[in-house]
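Please read the following account alongside the sequence and the three-dimensional view.

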Amino acid sequence: MEAYREQAVPKRLGRLGYAVLGSLFLVGLFAVSRLNYLLFHGLVELFSIAVAWSVFLLVWNVRRYMQNDALYFLGLGYLFIGFFDLLHTLAYKGMGIFQGAAEPSNLATQLWISGRGLEAATLLLFVLLLGRRFRTRLPLGIFIGVTSLLLASIFAWDLFPDCFSEEAGLTPFKVGSEYALCLVILIAAWLLHRKRRLLDPAVYGFMAAAMALTIMTELSFTLYSDVYGLSNLLGHYLKTISFFLVYLGLIRSGLTRPYAVLFQELMQEKEAFQESEERLRLVFNSIGDGVIVTDTRGRIVRMNPLAQTLTGWKLEEAKGKPFAEVFHIVNAHSRQRCLDPVNKVIEHGTLQGLANDTVLIARDGTEYQIADSCSPIQDSAGVMTGVVLVFRDVTESYRIQKALENSEMRHRLLFENAVNAVALHEIILSEKKEPMDYVFLDVNSAFETHTGLRGEEIMGRRVSQVLPGIVESPLIEIYGNVVRTGEATSFEQYFEPLGRHYHINAYKVLDNQFATIFQDITASKEAEKRLQQAKDQAEAASRAKSDFLAKMSHEIRTPMNAVMGMHRLVLSGDLADKQRERIQVARDSAESLCWLLDDLLDLSRIEAGRFSLHQKEFSLRRLLNRTVKEMEIPAAEKGLSLTLSLDRRLPPTFSGDPLRLKQILINLLSNAIKYTDTGCISLAARFDQSSGPGKDDALKIPVLFEVRDTGRGIAPEKLKTIFDSYEQDGKETYSVEQGVGLGLAICKKLAEQMGGLVWAESQPGDGSVFFLRIPFKTNEMAAEAAREEEPSFEPDDWSVLPPLHILLVEDQKMNQIFTVDLLTSQGHRVEVAGDGHQALEALSRKSFDLVLMDIKMPGMDGIEATMHIRTADKVLMDPDIPIIGLSAHVAPQEEIKRFRRAGFDDYLTKPVDFEALFTAIQRVMEAKDLLPIIAN
């Protein structure tokens with residue numbers, strides 16, 4: 001091909017010769033244009049037509065031998081481009097061919113635009129079709145159809161837009177069309193550049209130059225002014241040159257170098273074949289397997305580097321030798337030589353492979369565990385031309401495989417001998433990839449034992465078929481999530497079909513496969529259920545006890561209120577010493593009974609789980625002052641002094657439950673007074689330096705309270721039990737003096753609820769020290785708010801209260817008598833109502849200063865009556881009258897809040913204490929601004 005190609009190349013004119021001839025041609029055309037423009041125009045167009053049709057004739061004649069159908073399409077396009085240029089030339093003004101045309105100039109311009117549009121489309125499609133194959137008849141039909149439509153729109157239908165007017169010159173459509181055609185040709189040139197490797201370099205250069213000049217031609221004609229204008233002359237020159245370049249690119253190159261143009265694909269295929277050969281050689285030498293090629297006699301022809309390494313033979317040494325001499329293989333166990341696979345292929349003509357456990361012994365004695373495949377090499381006619389053996393070193397993978405087999409055996413033993421039930425499943429997904437069921441793949445013997453399901457009966461079956469009720473459970477969704485996310489899960493599940501409880505661990509094994517481990521926990525669940533039932537029964541019993549104590553407290557406190565009140569009234573009168581002593585003993589016994597009721601209620605609430613702390617801001621100094629003041633009277637009655645010491649480093653306000661703190665301190669002080677006959681008692685509060693703030697809250701401050709007495713003391717062996725319920729100094733007996741031993745037990749439980757600790761230190765005869773350590777939160781910003789919540793005064797003398805008109809609402813006769821005597825002894829006027837209805841009637845008839853309202857009464861109780869008062873019309877009664885509630889039992893915090901919401905201004909617990917009653921009256925009257933402020 002190269003020799004023929006060289007012989008076909010004629011002598012070429014030099015570039016200077018082409019330049020001279022071209023210049024003379026253009027000068028001649030210019031002279032003709034000045035003498036006769038029609039002659040100039042005809043010569044230029046006929047030259048272009050000749051070039052276009054020459055391209056078509058060449059391509060048409062060699063179409064059967066062409067590998068590139070794009071060249072055929074280009075030549076076919078130029079046939080119709082030349083046809084439009086011929087019609088344009090004949091329609092030009094002055095030619096006189098189309099006599100019926102209204103405006104010959106417009107007709108010629110329309111035909112010009114049609115030809116240029118067809119040319120731009122042809123160039124673009126030519127580039128797009130480079131390297132593609134298509135039916136050659138199809139483009140001919142398309143060109144005929146497009147040409148027919150254009151001619152019909154111009155000559156028959158008169159649909160083609162006007163392009164030229166004698167008065168206005170070029171129309172906007174014509175100018176816009178020229179610009180659009182330039183854009184199309186520019187795109188074609190860009191695509192041609194990207195596909196230039198598909199063309200001969202000379203053809204690519206001529207075609208690119210022709211496209212560039214065609215764009216310049218279109219731009220020149222957008223500036224048309226008259227036939228003798230520069231733009232018109234330049235446009236025809238450029239068109240002539242562009243067609244001449246097409247001639248040089250296809251006509252000249254096609255005739256002088258036909259192999260370079262028409263058989264470009266053959267050259268490329270040759271280069272591709274050479275590249276393929278080189279790639280095959282590179283692959284052969286770099287493949288990860290050893291490759292040996294033999295001829296049909298079994299003698300080695302080629303070996304790649306890896307085959308040379310594994311066998312220990314160089315190619316130049318092994319070439320021509322029998323295959324068995326170079327490739328020495330034996331059985332790994334018997335060490336017997338294996339049959340020659342190449343001879344087997346030559347004999348049978350089919351693919352052969354080595355048996356398992358085959359070892360290759362290299363030239364230096366090194367052994368490799370190998371796997372191979374030996375196959376015949378056949379030509380296009382199916383005749384064997386040689387044999388190729390591909391083998392690889394599988395020593396490491398063989399070792400891994402053996403290890404995996406051993407591991408699988410161990411896992412199988414673990415699987416079969418596991419105590420817990422183990423099962424392997426495969427999830428079944430719906431069309432929407434959602435889990436809908438799963439299949440049993442394998443189960444161990446423990447699974448069969450636990451569930452009663454036989455492996456051979458359920459293997460390969462869906463769980464919905466084995467256990468239909470499981471479809472309603474969340475198991476399928478849980479297992480689907482395990483397979484989807486790969487996250488293991490653990491949960492408990494009751495299988496109703498089996499009537500058993502299981503603890504299940506599920507984890508992903510492979511795609512769409514998961515394993516489950518079942519542990520039968522039916523026995524433990526039943527035991528847990530029995531324990532829960534016992535716990536519920538115990539809690540119910542505790543709640544019943546608490547409810548019983550609350551009811552008994554109410555029933556006992558009601559008469560006890562009258563008993564203690566009467567004792568106080570009697571003691572306030574003139575009595576003989578013996579009478580006063582006896583009445584005092586009776587009053588002390590009644591007070592002890594009230595304390596016992598309070599302790600029993602607190603203990604029962606804690607044990608029943610009804611106890612709760614109520615956090616609020618409070619002043620520690622004020623709380624301690626009040627506590628000591630309340631305990632001064634019982635201390636003074638025994639001739640004991642009571643002192644208070646407060647660490648100045650403590651903040652002014654704390655956050656906690658002040659009522660419970662006060663309850664603990666009063667219990668400790670009461671015990672100290674009870675067991676001290678002479679000396680003094682002290683209460684101290686200081687910052688506990690033994691431990692800093694808590695880890696969770698930097699604002700927590702541990703406060704250490706000390707209650708120290710000079711009493712009889714406690715034996716060391718008894719200190720361990722004094723905080724147990726019903727223990728008195730270690731004795732399990734009861735005395736009127738000592739009580740039943742609930743106070744310290746309640747102190748311990750309350751302290752623990754508050755996150756604190758209580759303990760004692762004592763020696764017999766040296767007194768005792770009780771310690772209470774509680775961590776309180778503090779907030780300096782809330783100090784002012786805490787102080788505002790405290791009462792604004794603490795009067796010492798209630799005789800300064802002016803006489804009040806008081807309505808006592810009480811259903812118990814004894815409480816009526818006691819309370820009336822108590823109030824009238826201080827100069828107050830009292831009227832009594834037996835229930836809520838009578839109270840409302842009395843308030844509607846008379847005006848009162850204050851109402852003392854019992855909470856629980858038959859008919860209308862105190863809460864309902866208070867709500868009626870607060871919502872009453874001012875014409876009927878005063879809705880803002882002060883109301884103090886009286887209750888026979890200690891109300892929890894939630895109930896006190898309910899009293900406040902109902903409209904009570906204050907609340908007292910029966911039996912009513914003298915000081916507490918008049919303090920409450922003065923506090924309420926002062927809050928209502930019904931009394932002048934009374935200073936302490």
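Of the 936 residues of the protein, 44% count as buried, where buried means under 20% relative accessible area, exposed over 50% and partly exposed in between, with a 1.4 Å probe and protein chains only. The model is a predicted one, in which local features need pLDDT of at least 70 and side-chain atom pairs count only at pLDDT 80 or more, while totals for chains, interfaces and linings use all residues. Residues are numbered from 1 along each chain as its sequence is written, and side-chain values use heavy atoms, with hydrogens and water left out.

The protein has 31 helices and 26 strands; these are DSSP runs numbered from the N terminus, helices being H or I of at least four residues and strands E of at least two. Among contacts between residues at least 6 apart in sequence, 65% join residues at least 24 apart, a contact meaning heavy atoms within 4.5 Å.

Of the 22 residues of α4, 18 are buried, so that the helix is mostly covered. Helix α5 (residues 104-128) contains S114. This serine is buried, with a relative accessible area of 4%, and, leaving aside neighbours within four places in sequence, S114 is in contact with F84, L150, I154 and F160. Helix α8 (residues 201-221) has 21 residues and reaches 31 Å from its first C-alpha to its last, close to the 30 Å expected. Its buried residues include V203, Y204, M207, A210 and M211. An α-helix has 3.6 residues a turn, so residues three or four places apart point the same way.

The antiparallel sheet comes next. Five strands form an open sheet in the order β11-β10-β14-β13-β12, with antiparallel pairing; two strands pair if DSSP finds at least two bridges between them. At its edges are β11 (435-443) and β12 (489-495), each of which pairs on one side only. The twist averages 35° from one strand to the next; axes are lines fitted to C-alpha atoms, for helices over the stretch in contact, and angles run from 0 to 180 degrees between N-to-C directions. Within the sheet, β10 (residues 421-429) and β14 (residues 513-520) are joined in the antiparallel sense over six bridges, and A423 stands opposite T516 in β14. S473 lies in the loop between α19 (463-466) and α20 (475-485). At 18% relative accessibility, S473 counts as buried. In sequence S473 and F495 are 22 residues apart, and their C-alpha atoms are 9.2 Å apart in space.

Two packed helices are described by the angle between their axes and the distance between the axes. Helix α23 (residues 620-637) and helix α24 (residues 658-674) pack at an angle of about 30°, with their axes 10 Å apart. The two helices are therefore roughly parallel to each other; angles under 35 degrees count as roughly parallel, over 145 as roughly antiparallel, 65 to 115 as roughly perpendicular and the rest as oblique. Among the residues that make the contact are L620, L623, L624 and T627 of α23 and P658, L661, K662 and L665 of α24.

A second open sheet has five strands in the order β23-β22-β24-β25-β26, and here the pairing is parallel. The edge strands, each pairing on one side only, are β23 (829-833) and β26 (906-909). On average, direction ignored, neighbouring strands of this sheet are turned by 20° against each other. Strand β22 (residues 805-809) pairs with β23 in the parallel sense over five bridges, and H805 stands opposite R829 in β23. Helix α28 (residues 836-845) packs on the sheet, touching β22, β23 and β24 (850-854), and its direction makes about 160° with that of β22. Helix α31 (residues 914-927) lies across β24, β25 (883-887) and β26, running at about 175° to β26.

Helix α27 (residues 813-824) has 12 residues and reaches 16 Å from its first C-alpha to its last, close to the 16 Å expected at 1.5 Å a residue. Its buried residues include N815, Q816, F818 and T819. T819 has a relative accessibility of 7% and counts as buried. Apart from neighbours within four places in sequence, T819 is in contact with L808 and L852.

Technical notes
Expected span 1.5 Å × (residues − 1).
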